[in-house]
Amino acid sequence: MNSIASTLTSILSTENAVLSWENLTPSQQHKIQQGIDSKSHPSCIVYPHSQAELAAVIAIANSHQWRVLTCGSGSKINWGGLAKNIDIIVSTEGINQLIEHAVGDLTVTVEAGMKFAHLQEILAKHHQFLALDPAFPNSATIGGIVATADTGSLRQRYGGVRDQLLGITFIRADGQIAKAGGRVVKNVAGYDLMKLFTGAYGTLGIISQVTFRVYPIPETSGTVILTGKPEAISQAVRTLQSSELTPTQVDLLSSKLVNNLNLGTGIGLIARFQSINESVQEQSKRLLAIGEKLGLNGVIYSENQEADLWQRLPEQIHSHVTESTITCKIGVLPTAAVKILNQIDFGLIHISSGLGLVRLESQEQILLLRNLCVANSGFLSILSAPVELKERFDVWGNIGNSLAVMHRIKEQFDGNFILSPGRFVGGI
């Protein structure tokens, strides 16, 4: 065992909590290598089993200035920029306990390593759910979801990760445990560390515990699919947005995505209604009628077919791809969403936020789409891509005049720059 691994083993009480790099399986090594630059040679991966152990690991790493890449299960370790010159990998997967589920208050507190799917199972026993729909829901951990700000089209009704986060506990770069927020829905105004840590990719501190607001599971669900010409879909979106209809999820789908899912031809509009049975039926029929007037093809999905459709939709972007495939997050003015989508083979855009996911195949496609997004007051950032491409290409793109402020914040939270260096905007 190498010297770093030996040092870490001596401070952890749990057996097999430190695995030297040479003892990892080829698949474990390969997964990690998708998130680090080619100059990194990690000595080991560490699995603390308590927040106190995690704090001890980070404290000793800071004292030796060992650079740390943190992850949960590693399902998104290849997202964002490549971490640079990494010495150790720290996984929170073993810190995964339920701390408190205040059923009556509609809040839940869990440790960061808990799997998203497991948390939903716990909540479902009380007819509640966490209103997020991240990529890889069966393997993604709660901490990883917060660190990458990862949710999908449920933001139409419930907002993003930041909107549902009530409190966090995190390990500072010096190994101290700190807290922000609480478990009540309204907190005192002040410097919002929860929003700061959400989407920071572990570069400011390591999230060890989170508190979310949760919601009752809706009684019934139904989904309407409209497909056809872009002009008619645009009109359907405008009509939907100005109506009294209240969908929980609404996305625009590219033509190839529509075709792959056997939903029809042309681009698509997918809208989900969740409420009492009578409301779902009435709203579904009204949207279907809007589509018929515009010459669009319409179908209503329900029960198992509907659940299967919403499961397969993100898989078309994130799964069943080769290592050369590039997945990106985009943002545009919602009014430009249909125009942008018409230029994309595989992609979807949420109609209210203008945020979306796309699947690309080359650097040229990235440049063309990024320029198109920027021209429409938006952005394109790369989630996953081959290491070689990320080493020579700007993953995040131009972020305006905020980089100097972000660097100062990084210096305040992580003066030695040991936490996931290089993974976030501007090499932070």
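**Reading a cavity and a helix pair**

About 260 Å³ of space lies in the largest cavity of this predicted model.

Q: Happy to start there! How many cavities of 30 Å³ or more does a search of the whole structure find?

A: First the general idea: rolling a probe the size of a water molecule over the atoms shows where empty space is left. Here, the search of the whole structure finds one cavity of 30 Å³ or more.

Q: Which residues are closest to the centre of the largest cavity?

A: Look for T70, C71, G72, G144 and A147, which are the closest to the centre among the 22 residues of the lining. Two or more lining residues come from each of β3 (68-71), α5 (142-148) and β10 (206-213). Of the elements, α5 gives the most, with four residues.

Q: And how do the residues of that lining divide into nonpolar, polar and charged?

A: The lining of the largest cavity has twelve polar residues, eight nonpolar and two charged.

Q: Now to the helices. At what angle do α1 and α3 pack?

A: Two packed helices are described by the angle between their axes and the distance between the axes. In this model, helix α1 (residues 3-11) packs on helix α3 (residues 51-64) at about 140°, and their axes are 10 Å apart. The two helices are therefore oblique to each other. The crossing of α1 past α3 is right-handed.

Q: Which residues make the contact?

A: From α1 come T7, L8 and I11, and from α3 come A56, V57 and I60. Five residues of this contact are nonpolar, one is polar and none is charged.

Terms used: Residues are numbered from 1 along each chain as its sequence is written. This is a predicted model: local features need pLDDT of at least 70, side-chain atom pairs count only at pLDDT 80 or more; totals for chains, interfaces and linings use all residues. Side-chain values use heavy atoms; hydrogens and water are left out. Axes are lines fitted to C-alpha atoms, for helices over the stretch in contact, and angles run from 0 to 180 degrees between N-to-C directions. Angles under 35 degrees count as roughly parallel, over 145 as roughly antiparallel, 65 to 115 as roughly perpendicular and the rest as oblique. A crossing is left-handed if the near helix is turned anticlockwise from the far one by less than a right angle, and right-handed if clockwise. Contact means heavy atoms within 4.5 Å. Ala, Val, Leu, Ile, Met, Phe, Trp, Tyr, Cys and Pro count as nonpolar, Asp, Glu, Lys and Arg as charged, and the others, Gly among them, as polar. On a 1 Å grid over the protein atoms alone, a cavity is a set of points where a 1.4 Å probe fits but cannot get out, and a pocket is an open set with protein on both sides within 12 Å along at least five of seven lines; lining residues have an atom within 4 Å of a point. Grid points are joined across faces, edges and corners, and a volume is the space filled by probe spheres set on the points.
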